[in-house]
Amino acid sequence: MKNIFKRLLNVKGMVVEDVSIDDSPLRDAPVLVARVRCRKAALRCSRCGRKCPKYDDGGGERRWRHQDFGCYRVELVGPAPRVECRVHGVVVSRVPWAEPGIRFTRDFEMECTWLMTVANRKTVSGFLHVAWRTAGDIAGRVAGRLESGMPCMFDGLTAIGVDETSHRKGHTYITVVVDHERKRVIWAVFCQVVIGQCGVSFPSEKAVGFSPVRNWPVIARVLLFHCIRA
C-alpha cells in the first residue's frame with residue numbers, strides 16, 4: 001500500500017510511512033492524510049540546495065495540501081528537520097514536494113494555476129476549497145517560478161510585428177508584439193484607447209533609459225533598441 005501511494009504522489013526523494021483517513025468532527029470533510037518524510041541522504045539547505053548534515057528535528061511536524069484523490073482532500077504530514085549549512089547556518093531543510101515556507105505542494109500549485117487559466121478566481125477557489133486571495137497568490141508564485149526559468153523574450157529579437165485588437169465590447173484594446181521568426185507573443189498590454197494615445201511601457205530591466213511609451217514612434221525606437229542589442 002505504501003508503494004502504491006508513493007507512486008500516486010509521484011515525488012522523488014519521498015518516503016511514505018503511513019496513510020490514513022482523518023474524519024475528525026473538527027473537519028468539514030474527511031481528509032486523506034499521508035505521513036511522509038525525506039530520505040536521510042536527501043537533506044538539503046532550503047536556501048541554496050546544498051547537501052547538509054542534520055542539525056535537529058526542528059519545531060515538529062508540518063502539513064502540506066496536496067492534489068485531491070477523487071472526493072478526498074489530501075494532506076502530506078511530515079517532520080521538518082533543521083540542517084546546518086556552512087553558508088546559511090541552521091535552517092529548515094528543503095522538502096522535494098513543496099517550496100520553502102509554502103503550505104501547498106508544487107503539484108497542487110501547478111493544478112491551481114492551470115485552472116486559473118481556464119476559469120475565474122472565484123470558481124477555482126471554490127473548486128479547490130481555498131481562499132480567493134490564496135488562489136491568486138499561488139498563481140503568482142508559479143508564474144514567477146516559470147518565468148525565472150525561461151529565457152528573456154527579447155533575447156535574439158530581430159523581426160517583430162505590432163498590432164492592436166479590440167477586447168470585449170467598446171473601445172477596449174490590447175496591443176500585442178509578436179516575434180515573427182519564432183512565432184510567439186513576446187509582449188502585450190491593455191489600452192483603453194487607440195494605440196497612439198495610450199500609455200504603455202516595456203519591462204524596466206530591459207528598457208533602461210527609456211521613459212514610459214506615449215506614442216507610436218517611441219514604441220518603434222524601443223523595439224529597435226532591443227533588435228540592435230540582439
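Reader: Why does Arg106 count as partly exposed?
Author: Its relative accessibility is 25%. Buried means under 20% relative accessible area and exposed means over 50%, with a 1.4 Å probe and protein chains only, so a value in between is partly exposed. Before we go on: this is a predicted model, where local features need pLDDT of at least 70 and side-chain atom pairs count only at pLDDT 80 or more, while totals for chains, interfaces and linings use all residues. Residues are numbered from 1 along each chain as its sequence is written, and side-chain values use heavy atoms, with hydrogens and water left out.

Reader: What makes Arg106 and Glu99 a salt bridge?
Author: Their closest N and O atoms are 2.7 Å apart. The rule asks for a side-chain nitrogen of Lys or Arg within 4 Å of a carboxyl oxygen of Asp or Glu, so the pair passes. Through shared partners, Glu99, Arg106, Glu109, Arg141 and Arg145 end up in one network of salt bridges. Over the whole structure, the search finds 14 salt bridges.

Reader: How do you know that Arg73 is buried?
Author: Arg73 has a relative accessible area of 17%, so it falls on the buried side of the cut-off. Asp28, its salt-bridge partner at 3.0 Å, is exposed at 65%. Arg73 sits in strand β5 and Asp28 in the loop between β1 and β2, so the pair ties together parts 45 residues apart in sequence. Strands here are DSSP runs of E with at least two residues, and helices are runs of H or I with at least four, numbered from the N terminus.

Reader: Why is the link between Arg27 and Glu75 called a salt bridge?
Author: N to O is 3.2 Å for these side chains, so they meet the distance rule too. Arg27 is in the loop between β1 (14-22) and β2 (31-38), and Glu75 is in β5 (residues 72-79), 48 residues apart. Glu75 is buried at 15%, whereas Arg27 is partly exposed at 25%.

Reader: What makes β1 and β4 edge strands?
Author: β1 and β4 (61-69) each pair on one side only. Two strands pair if DSSP finds at least two bridges between them. The open sheet has 4 strands in the order β1-β2-β5-β4, with mixed pairing.

Reader: How do you know that β1 and β2 pair?
Author: They are joined by 8 bridges and run antiparallel; the rule needs at least two, so they qualify. Ile21, for one, stands opposite Leu32 in β2.
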